Amino acid sequence: MKVKFSKKNISNKCLSDISKIIKSGWLTHGKYTKLFEEKFRKYTNSKYSLTVSSCTAGLHLSCIAAGFKHGDEIIVPAMTHTATAHAVEYTGAKAVFCDVDLVSGNLTIDNLKKKISKKTKGVILVHMNGGPCDFEQIKTFCDKKKIKIIEDCAHALGTKYKNKHVGNFGLSGSFSFYPTKQITTGEGGMIITNNKNFFKSIKKLKAFGIDKDIGERKKPGEYDVKMLGFNYRMTDFQSCLGLDQLQSYKKSLGKRQKIAKRYYQNFCRSNKIGQLKFSKQNSYFIYPIFVKKRDKLIKLLNKIHIGFSIHYPKIIPLMSYYKNKYRNKKSDYTNAINYANTNISLPVYPSLKNKEVDYISKKILTFINNEK
Ligand SMILES: Cc1ncc(COP(=O)(O)O)c(C=O)c1O
């Protein structure tokens, strides 16, 4: 039995709509982008939303709009994708890495407190693999210290904390639509926020810093530029793809959670496999497990054609760019390093069958039980 790591369902209606958009010549600034933003806003229950060309772009704009600049320190988790830290560094601020929880991979209040200095102006929270950060204490602490929170929701479409969609706790939340994510637009992302001024800034920053939308201009090209903006737009055919998947995601999230629950129950049979407790607040971007002899398990999975990934095998503070620039030390990130050395991501997508989940689980359990 071969099992792919990721699979996407795209409706025939969507493929036909994409073809119409491309043939129409109106490839950007179109109605699908507005519609996608509107539906996304409703789905996440936020006040404002804006498509962007990637989650990285969303994080970059959020860091600028939050006012992060040279001389500031912004805390980011050591266990994340490099985009989280890069977004900080693009602004000239310093990415200060913080250790994470051993099993969730998320930043914790105790680790955060260890990294605070007078220069700390912000923190980027990542909801690793779709599991929500434990916000309550972090938010109270950051509010008291006037530290701005930006959320990296790249893995977290459908993730909730105390029944509220993530991305609504900080100044903004940025989502990713990279192909392996819960929904995809090829490349692409979305920013949500509940702050009107923040929204106005990111809207301008996203499109060159131009002060007038196409519909607001009296003549073509009649606008002013008041800030150094970027071109971080999403095309209309990408929005059409995102919209189609968002509609079906509403139904398929439950299926993802059922798959995760099945893995959870299967792996509860072994105390040699680490895993998070099952939660319906988690959107399960993938299903992470933690094993000691990962390299051997990888060999087996490759041999029997089971798709998997690793999120992530090396921590960002020890990547050459950050290690050389800030002299980061391994001893500051023991949990994140342990997480990096033992995690393995198993497939979760709505068309994955129970018998496939059981097959994967059985192969892994047999391997673990036979390993000394
Ligand atoms: C945690 C995290 N943040 C940000 C990103 C960047 O997302 P994008 O590829 O949409 O720029 C990723 C990408 O996988 C990610 O995993």
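**Note on the predicted model**

1. Asn 163 is found in the loop between strand 6 and strand 7 (164-165), where helices (H or I, at least four residues) and strands (E, at least two) are DSSP runs numbered from the N terminus. Phi of Asn 163 is near 70°, which is a positive value in a residue other than glycine. The model is predicted, and local features need pLDDT of at least 70, side-chain atom pairs count only at pLDDT 80 or more, while totals for chains, interfaces and linings use all residues. Residues are numbered from 1 along each chain as its sequence is written, and side-chain values use heavy atoms, with hydrogens and water left out.

2. The protein chain is divided by the domain assignment into domain 1 (12-244) and domain 2 (251-370), bounds that come from an automatic or database assignment. The C-alpha centres of domain 1 and domain 2 are 25 Å apart, and the contact (heavy atoms within 4.5 Å) takes 39 residues from domain 1 and 30 residues from domain 2.

3. Between them, domain 1 and domain 2 bury about 2,800 Å², of which 58% is on carbon and sulfur atoms; this is accessible area (1.4 Å probe) lost on putting the two parts together, summed over both.

4. There are 2 salt bridges between domain 1 and domain 2, each a side-chain nitrogen of Lys or Arg within 4 Å of a carboxyl oxygen of Asp or Glu. Asp 332 forms a salt bridge with Lys 115, and the closest N and O atoms of this pair are 3.3 Å apart.

5. On the side of domain 1 that touches domain 2, the elements giving two or more residues are helix 4 (82-90), strand 3 (94-98) and strand 6 (160-161).

6. Turning to the ligand, Thr 56, Asp 152, Ser 176, Lys 181 and Tyr 312 come nearest of the 15 residues around it, a residue being counted if one of its heavy atoms lies within 4 Å. An N or O atom in the side chain of Asp 152 is 2.7 Å from a nitrogen atom of the ligand. For Ser 176, a polar side-chain atom lies 2.7 Å from an oxygen atom of the ligand, and for Lys 181 an N or O atom in the side chain is 2.7 Å from an oxygen atom of the ligand.

7. Tyr 312 has its place in the loop between helix 9 (294-303) and helix 10 (320-326), and a cis peptide bond, with omega about 0°, joins His 311 and Tyr 312.

Methods. Polar contact = N/O pair within 3.5 Å; in protein donor to acceptor, adjacent residues only side chain to side chain.
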